[in-house]
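Work through these exercises with the model open beside you. Try each task before reading its solution.

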Amino acid sequence: MAAEDLPSEFDVVILGTGLAESVVAAACSRVGQRVLHLDRRSYYAANWASFTFNALLTWIQEQQEGPQPEQGKDWSSLLNDGEELIHLSNPDLDSITNIQVLSYASEEDEEVPDTAKEETSANSQLEAESTGSREEESAEAEEESAEAEATNTKGEEPEVDQSHPGASSGPSEPTRKKISYAQLLKEGRRFNIDLVSKLLFSRGSLVDLLIRSNVSRYTEFKNVTRILTYRHGNLQQVPCSRADVFASRQLSVVEKRKLMRFLTSCIEETEMDQAYSSQPYSKYLQDQQLGENLQHFLLHSIAMVTEDTPTEAGLASTRHFLRSLGRYGNSPFLFPVYGLGEIPQCFCRMSAVFGGIYCLRHSVSCLIVDKDANRCKAVIDSRGQRISCSHFVVEDGYLGSRSSVTTPTRLLSRAILITDSSVLPSDSEQQVSMVTIPPGEVCQSAVKMVELCSSTMTCMPGTYLVHLTCQSVGSAFEDLSQLVTKMFQTPESQEPGGRPSVLWSLYFNMADGSVPGVEGQGLPSNVHVCSGPEGSLDHEHSIKQAELIFQRILPDEEFCPPAPNPEDIIYDGESPTPSAEEDSVKEAGQQEESGGDLKEAGQQEESGGDLNPQLDQ
Amino acid sequence: MALRELKVCLLGDTGVGKTSIVWRFVEDSFDPNINPTIGASFMTKTVQYQNELHKFLIWDTAGQERFRALAPMYYRGSAAAVIVYDITKEDSFQTLKNWVKELRQHGPPNIVVAIAGNKCDLSDAREVSEKDAKDYAESIHAIFVETSAKNAININEVFTEISKRIPVVDAAGGSSAKSIKLGRQVSESRKTCC
């Protein structure tokens, strides 16, 4: 396709397709601003992206090779009097570090009679500590799979064929098929592996925004079905809803009553005892006569805070959790089908629907600043085109060295595992589990772990995708590998046991986006900086940031007002179309059954209480 | 009669007539001056096929294909994709092959692919032979028709062919399909059962 030329004038130019940038894009387009949204990368969502298995391997390779050197072109010929340049850099320079890949799956398909001795073959190939050589392998394997894919296009059903020779060979023998590395590659596109691991609180600001703006129409969600916590070397289910509390077998009758009383009083938001205003939440919990069990649940799994968190903050977190309970199911959390990487894309689509122009693999080389006014008048894109704009919104990574001068970099440690079974097997194979691991036992900082099953469309059937996140102390591997060895079966695991086997794992560190930004550091007043993902479980930080930026750009406009209907015009076959656009919008709203009427839907949900009508069937 | 909602996504170069095809199918009208797709990026039409009603939820690209920046979320859950090229533009047929590749990478595994050679009313200016296109479509097991949104040729046929190729309701698939739609009523999202 011939590269079309971009228009040379926009209201808002946005560089980077992370969550906050994408929300700003949608909000601006929605109220009629002309938006140009660019990303230097070939994929959407920056460090919020999710990848197929094969695409993740490519991403890893790119990160390890480091960025391509860029020639510093001289754009001064494009400058007018009284203008100067601010050069931008490559966002991938240092946001991802310490990548380590460990693959435990056997290279070839193999049939294993039982689970007992599976590890032997994997053991022998594991010695490759140098990630470099493994990378080559995976790259080769990837090529192979690409070939396989090419030939597959001729066959009807690329998925179902050769992968299960076992089915025909021995139907009588109860064999468990060990998933090979080749299979992971072959089924690679069934994976959607997120770089960040977060959840949506059912009453958090992201869910509210999705509903309010109607962007929610572009995606669907799964409920997190259970909350687990790691304690004394075991996993326990945390009872959080009324139903859970009563059904719990771990709690005594007395504990149940205490817990219910505490939760009820907590939600009522009674005045906090002033005596605790300077005391940690853990002390407050201690004094509620709850017992050790309940204190652990409340502190680590419900409030998800540390021992030192002040009482006020602890109570607020507890309330936030409780309020989100029951809106969509048995836990307060939702997870988007196909992964978190969908969310920024959904906001981008909303922006595009309202006229936003999208280019990937297309960046901004520098900003043109009016020296007197200290405002960014225009940008020069990576193809040397001068594009004028009234506002410029940018992912902080593009500001490169500017951001790291003053603020020490804080990091998140991440581990991503593909495993062959759940950490806590149950009747259903399709559980989505949120696991809290308090600091101390096996790790230095509190670890949040999310285990996704295949129905979330993030991993192939027969596997689970496990995300671990914590504030880093050392490298991701140092922070998390011990925990992985303990909770899962790897060749390093000391004791055998029925734990899930790790087929493949990735460790890396990511810059923590909660570090105060570079705002105001000599940047023009109409340049707005978005930070990358931070370590919290929710999305409050980015959504708040996007709203603030929007208000600075357009102080008099509403932030993501209820769209009449996101797709504007929905013509149904049966009815003739009204000619006036306004009318058709209205009509479409009515035709969409009650879909458009959010308030009503909201109330219905509300009345559901914690009975979860949605999931009961 | 059972109602099935089928998401269909449109692919193809800017200006090949994606939106016109949908307009013809849904509205039975044609507007030569249709704007590059802004606003109207979603339309539906319900068609009877055998003893089922097929409600096509047709997603338009919202212009994101213009600079090759279509998001993978666009393909999610699509039962079918209609890939359109312009028979008077060889280029548009070449990029069609890229769309097929893109779909293999990001689209659902069992997606039904239909290739529509649009503007067949302009056969004087033809640059892509019907045979070449047909051979290519066969090689990838895709539906193939030459269409004219302007003269209403073969537009309904594209969708009838899609209906034929959509697998009969998969008994097993239902179990894992319980997803939550935000802001909608619960009953709606489960329409496809029974």
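Predicted model: local features only at pLDDT ≥ 70, side-chain atom pairs only at ≥ 80, totals over all residues.

**Exercise 1. Confidence in chain A**

Task: State the mean pLDDT of chain A, then find stretches where the pLDDT is below 50.

Solution: 
- Take the average next. Chain A has a mean pLDDT of 80. Of its residues, 76% reach 70 or more.
- Residues 112–175 of chain A have a pLDDT below 50. In the model this stretch makes 78 contacts beyond near neighbours in sequence.
- Residues 566–617 of chain A also fall below 50. Here the model shows 93 contacts beyond near neighbours in sequence.

**Exercise 2. The open sheet of chain B**

Task: Give the strand order of the 6-stranded open sheet in chain B and name its edge strands.

Solution: 
- Trace the order: β2-β3-β1-β4-β5-β6 of chain B, with mixed pairing.
- Find the strands that pair on one side only. These are β2 and β6 (143–146) of chain B.
- Check the twist. From one strand to the next it averages 25°.

**Exercise 3. Strand β3 of chain B and its partners**

Task: In which sense, parallel or antiparallel, does β3(B) pair with β1(B), and in which with β2(B)?

Solution: 
- Take β1 (residues 2–11) of chain B. It pairs with β3(B) in the parallel sense, over 8 bridges. One point of reference is B:L6, whose bridge partner is B:F56.
- Take β2 (residues 42–49) of chain B. It pairs with β3(B) in the antiparallel sense, over 8 bridges.
- Confirm with residues. B:Q48 stands opposite B:L53, and B:T44 stands opposite B:L57.
- Inspect the turn. The hairpin of β2(B) and β3(B) has 2 residues between the strands, and B:Q50 takes a positive phi near 50° there.
- Finish with burial. In β3 (residues 52–59) of chain B, 7 of 8 residues are buried.

**Exercise 4. A sheet in chain A**

Task: What is the strand order of the 4-stranded open sheet in chain A?

Solution: 
- The order is β4-β15-β16-β17 of chain A, with antiparallel pairing.
- The edges are β4 (83–87) and β17 (386–388) of chain A. The twist averages 30° from one strand to the next.
- Zoom in on β15 (364–370) and β16 (375–381) of chain A, joined by 6 bridges. Within this pair, A:V369 has A:C376 as its bridge partner.

**Exercise 5. Helix α11 of chain A**

Task: Is α11(A) mostly covered or mostly uncovered, and what does it pack against?

Solution: 
- Count burial, using under 20% relative accessible area as the cut-off. In α11 (residues 292–302) of chain A, 9 of 11 residues are buried, so by that cut-off the helix is mostly covered.
- Name some of them: A:F297, A:L298 and A:L299 are among the buried residues.
- List the packing partners. They are β11 (226–231), β12 (234–237), α9 (253–267), α10 (281–286), α12 (311–324) and β20 (433–437) of chain A.
- Look past the helix. A:M304 follows α11(A), with a positive phi near 50°.

Terms used:
Residues numbered from 1 in each chain as written. Chains lettered and ligands numbered in written order. Heavy atoms only, no water. Buried < 20%, exposed > 50% of the residue type's maximum accessible area, 1.4 Å probe, protein only. Contact = heavy atoms within 4.5 Å. Pairing = 2+ DSSP bridges. pLDDT = per-residue confidence, 0-100. Axes fitted to C-alpha atoms, helices over the stretch in contact; angles between N-to-C directions.
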